[in-house]
Amino acid sequence: MLAVRDLVTHYGASQALFGMALDVADGAVTALLGRNGMGKTTTIHSVMGIVPATSGFVTFNGADIVGWPSHRIAGAGLGLVPEGRRIFPNLTLRENLLATASNRLNLPQPWTIGRVCALFPELAARHTAMGSLLSGGEQQMLAIGRALMTNPKLLILDEATEGLAPLVRTRIWVALAELKSRGLSLLIVDKNLDDLLHIADTCVVIEKGRPVWHGSPAALHKNHAVRHTCLGL
Ligand code: ATP
């Protein structure tokens, strides 16, 4: 579904990606792993068109999307749950969900506020609460719900469990497993490796803007050299 090849990205004169590559198969989960500052967020932002790639290929459902504006990439079926949640603080929970609602691909059974609240029952009683008054966990659930309201075919999550209490983190992982079981493709960056490897089908390890290893979670589990050198475990 998503193929990234030879991706090079700069911030001004500073190069952040040096030939990044990864794949997400239809209905599968890819984990993008690496220590801080290695280029995970830059990879995601380059895929989404938020940071322009200098060169390389990003193919989504057969279309080369490099150079497309973000709104067109989102319209093609790529959804992002950004690091730091970035919900609209001065809109209510309901308004946050309605703000992004669209079904440009005419998917059957599109996401609705009711379906988001079925996935996250915690949100059901909070419809009129302002975004700024929601707890961190509620904001994260809302950020995922807001991305789902765009009816993506592939959902990208950047540190979606960061800073959350263990119980809330568990709720997020359960919801992500539920989304996977419904056939949604996922690309996930997260520091909670045990949970991430539990849900992932494929892992890609990034080091200084380059892919240095890829394989199954089981293979990563056994590969102490990669775990130690690239992930600091
Ligand atoms: P983290 O887990 O800390 O978020 P990351 O793997 O997501 O790290 P990136 O945020 O993609 O890494 O950063 C990759 C490199 O690009 C780092 O050297 C970082 O300093 C640099 N970088 C990131 N954002 C910018 C920016 N807006 N301007 C200049 N350099 C940046």
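**Figure 1. An open sheet of four strands in the predicted model.** The strand order is S2-S1-S4-S5, and the pairing is antiparallel. Strand S2 (14–24) and strand S5 (63–64) stand at the edges with a single partner strand each, so one side of each has no neighbour in the sheet. Strand S1 (residues 2–11) pairs with S2 in the antiparallel sense over eight bridges. For Leu 2, the bridge partner in S2 is Val 24. Strands of a sheet pair through backbone hydrogen bonds, which may run in a parallel or an antiparallel arrangement.

**Figure 2. The hairpin of S9 and S10.** Strand S9 (residues 202–207) and strand S10 (residues 210–215) run antiparallel and are joined by five bridges. Ile 206 has Pro 211 as its bridge partner in S10. Two residues lie between the strands of this hairpin, and Lys 208 takes a positive phi near 45°. In a regular strand, side chains alternate between the two faces of the sheet.

**Figure 3. Residues around the ligand.** The shell consists of Tyr 11, Ala 16, Arg 35, Asn 36, Gly 37, Met 38, Gly 39, Lys 40, Thr 41, Thr 42 and Lys 191. Its largest share, three residues, comes from H1. By class, the shell divides into three nonpolar, five polar and three charged residues.

Figure 4. On its own the ligand has 630 Å² of accessible area, of which the protein covers 58%.

**Figure 5. The largest pocket.** Its volume is about 500 Å³. The lining comprises 22 residues, and those closest to the centre of the pocket are Met 48, Ile 50, Ala 74, Leu 80 and Pro 82. Helix H1 (40–48), helix H2 (70–75), strand S6 (78–81) and helix H5 (136–148) are the elements that give two or more residues to this lining. Nine of the lining residues are nonpolar, eight are polar and five are charged.

**Figure 6. The second largest pocket.** This pocket has a volume of about 350 Å³. Its lining has 17 residues, and Leu 107, Trp 111, Pro 152, Arg 182 and Leu 184 are the closest to the centre. The lining of the second largest pocket divides into nine nonpolar, four polar and four charged residues.

**Figure 7. The largest cavity.** One cavity of 30 Å³ or more is counted. The space in the largest cavity is about 30 Å³. Its lining is made up of Ala 74, Gly 75, Gly 77, Ser 102, Asn 103, Arg 104, Leu 105, Thr 150 and Asn 151. By class, this lining has two nonpolar residues, six polar residues and one charged residue. Ala 74 lines the cavity and is also among the residues closest to the centre of the largest pocket.

Key. Residues numbered from 1 in each chain as written. Predicted model: local features only at pLDDT ≥ 70, side-chain atom pairs only at ≥ 80, totals over all residues. Heavy atoms only, no water. 1 Å grid on protein atoms, 1.4 Å probe; cavity = no way out; pocket = protein on both sides within 12 Å on 5 of 7 lines; lining within 4 Å. Points joined across faces, edges and corners; volume = space filled by probe spheres on them. Nonpolar A, V, L, I, M, F, W, Y, C, P; charged D, E, K, R; others polar. Near = heavy atom within 4 Å. Areas by Shrake-Rupley, 256 points an atom, 1.4 Å probe, with all protein chains shown as cover. Pairing = 2+ DSSP bridges.
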